[in-house]
Amino acid sequence: MTPGAYTLTVDEWKNTNEDERGVDIGQIRALVNLTVAERVREMVHAANVLMTIQENARRFRELPSR
């Protein structure tokens with residue numbers, strides 16, 4: 001297979017787990033099947049993880065240079 005043919009094959013392949021925007025459809029379906037309370041818990045957890053990552057990144061930036 002030539003590099004051009006391979007590129008065409010890869011470009012035409014459609015990931016059925018994602019929509020055209022790259023959003024994980026399985027994750028959306030899983031969230032829709034949750035109750036409102038469960039969905040809120042999931043979102044709070046996701047927000048807490050994001051804030052932890054941001055805090056760790058901020059602390060890392062503040063470390064003195066070696």
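Modeller: Val44 sits in helix α3, residues 36–62 (helices are DSSP runs, H or I, of at least four residues, numbered from the N terminus). The model is predicted: local features need pLDDT of at least 70, side-chain atom pairs count only at pLDDT 80 or more, and totals for chains, interfaces and linings use all residues. Residues are numbered from 1 along each chain as its sequence is written, and side-chain values use heavy atoms, without hydrogens and water.

Biologist: Does Val44 count as buried, partly exposed or exposed?

Modeller: Buried means under 20% relative accessible area, exposed over 50%, and partly exposed in between (1.4 Å probe, protein chains only). Val44 has 43% relative accessibility, so the class is partly exposed.

Biologist: Which residues make a nonpolar surface patch with Val44?

Modeller: A nonpolar patch joins Val, Leu, Ile, Met, Phe, Trp or Tyr side chains within 5 Å, using residues with over 30% relative accessible area and no salt bridge; like charges are joined within 9 Å. The patch covers about 260 Å², with areas from the Shrake-Rupley method and a 1.4 Å probe.

Biologist: Which residues are linked in a network of salt bridges?

Modeller: A salt bridge puts a side-chain nitrogen of Lys or Arg within 4 Å of a carboxyl oxygen of Asp or Glu. Glu55 bridges Arg58 at 2.3 Å and Arg59 at 3.1 Å. The network links Glu55, Arg58, Arg59 and Glu62.

Note on methods
Helix = DSSP H or I, 4+ residues; strand = E, 2+ residues; numbered from the N terminus.
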